[in-house]
Amino acid sequence: MGVELRGLEGKNVLITGASKGQGFSHAKAFAEAGCNIAAIDITEPIPDIYPLGTPETMAATVKAIEERGQRCIPLPCDIRDEAQVKASVEKALDLFGGRIDVIVNNAGVAALDPIHKMRSSTMHAVIDTIVKGAIYVTKYAVDNMIGRGSGKIINISSAVTGSGHAMLSHYVAAKHAINGLTTSWAMELSEFNINVNSICPATIKPGIGQGSGMVLGLAPEAGVTMDEAFEMFSSGGNMPGLKWRAEVQHITDMVLFLASDNADMITGAIIPVDCGQMSR
Ligand SMILES: NC(=O)c1ccc[n+]([C@@H]2O[C@H](COP(=O)([O-])OP(=O)(O)OC[C@H]3O[C@@H](n4cnc5c(N)ncnc54)[C@H](O)[C@@H]3O)[C@@H](O)[C@H]2O)c1
């Protein structure tokens, strides 16, 4: 007997950072499972941060969701800005009849900064996007879940919370904050039947265009190519052996599982999809 993911069809899913990388992969998979998507993405550059989503990647995301027969609401929004988040979530709720069933707090940025040369521009970009962004989005999108007594929140953390990482202390600290938000929200929201979990991905195979952009973006700062950076971060963190190389689909599989009814008894969990990194 096979196992299928239950309860996804007809759900409204809000994803941050939905126009590129992991967020784009999650959005397509949710659409294939019969879900509608509210796609939040900044769609403009952040100074001193590698290239992010653009109006073109957002348009391509809408097209990809609609090609799968589902609805996609494009929401250009910088999640560091509470007013923009409030307006975007209100628009999504309005167009989705007041119901957001799943929140995926995925948007994040990184930069390589040794502590003695920490740039305030990148420090604020990393911490504000990862920590404040997830707080603002959840603050405005969770109310309807509380009212209905149902919902799933999935926060994207990182395997670096199990190990630390040189030159990424702002990023590692922000991802620890995500894990703290996860366990705290899980306690706070349990009485409303809302599950809150974190996923801790390993280094993800990067790609150009709508591929995963983080390792691609950090490669020039590290003075290596995209493929060399993927290999450097993967072999430095993951279990030994070439099997242990992660791609966006590995994270998408866990995101959809956590959003499904199959995961109803999982909450407050910090779940590694990490090629063993957190147990080393
Ligand atoms: N790529 C990896 O190796 C890796 C490993 C572990 C965890 N992660 C985490 O996974 C998530 C996705 O990573 P990815 O590689 O797909 O990144 P990516 O750069 O490909 O995509 C990130 C998306 O978030 C959007 N975004 C960034 N800042 C934003 C803001 N302030 N407001 C709204 N949107 C914003 C970008 O425009 C982009 O579309 C991030 O949280 C990242 O920290 C990545």
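Guide: The model is predicted: local features need pLDDT of at least 70, side-chain atom pairs count only at pLDDT 80 or more, and totals for chains, interfaces and linings use all residues. Residues are numbered from 1 along each chain as its sequence is written.

Visitor: What makes a residue count as near a molecule?

Guide: Its C-beta atom, placed from the backbone, must lie within 6 Å of the molecule. The ligand is surrounded by 31 residues, and G17, G21, G53, G108 and G213 are the closest. Two or more residues come from each of α1 (21–32), β2 (36–41), α4 (120–141) and α7 (214–222). Here helices (H or I, at least four residues) and strands (E, at least two) are DSSP runs, numbered from the N terminus. The most is given by α1, with three residues.

Visitor: Why is one side of β3 and of β7 left without a neighbour in the sheet?

Guide: Two strands pair if DSSP finds at least two bridges between them. Seven strands form an open, parallel sheet in the order β3-β2-β1-β4-β5-β6-β7. Since β3 (72–76) and β7 (270–273) stand at its edges, each has a single partner strand, so one side of each is left without a neighbour. From one strand to the next, the twist averages 15°.

Visitor: How do you know that β6 and β7 pair?

Guide: Strand β6 (residues 194–201) is joined to β7 in the parallel sense over four bridges, and the definition asks for at least two, so they pair. I199 stands opposite I271 in β7.

Visitor: Which strands does helix α2 touch as it packs on the sheet?

Guide: Helix α2 (residues 55–67) touches β2 and β3, and its direction makes about 165° with that of β3. Contact requires C-beta atoms, placed from the backbone, within 7 Å. For such angles, axes are lines fitted to C-alpha atoms, for helices over the stretch in contact, and values run from 0 to 180 degrees between N-to-C directions. Helix α6 (residues 169–189) lies across β5 (151–156), β6 and β7, at about 165° to β6.

Visitor: Why does L14 count as buried?

Guide: A residue is buried if 20 or more other C-beta atoms, placed from the backbone, lie within 10 Å of its own, exposed if 12 or fewer, and partly exposed in between. L14 has 28 such neighbours inside 10 Å, and therefore counts as buried. L14 lies in strand β1 (residues 12–16). Leaving aside residues up to four places away in sequence, L14 touches A38, I40, A92, I100, I103 and A141.

Visitor: Why is E188 called partly exposed?

Guide: E188, in helix α6, has 13 other C-beta atoms within 10 Å, so E188 is partly exposed.

Visitor: What makes a set of residues a nonpolar core?

Guide: The set consists of buried Ala, Val, Leu, Ile, Met, Phe, Trp, Tyr and Cys residues joined through C-beta atoms within 7 Å. The largest such core has 84 residues, and I37 and A39 have the most contacts inside it. Helix α4 gives the most to this core, with nine residues. Residues up to four places away in sequence aside, I37 touches several others, including V13, I15 and F30.

Visitor: Which residues of α7 are buried?

Guide: They are M214, V215, L216, G217, L218 and A219. Their cover includes α8 (226–237). After α7 comes G223, whose phi is positive, near 75°.

Key
Two residues are in contact if their C-beta atoms, placed from the backbone, lie within 7 Å.
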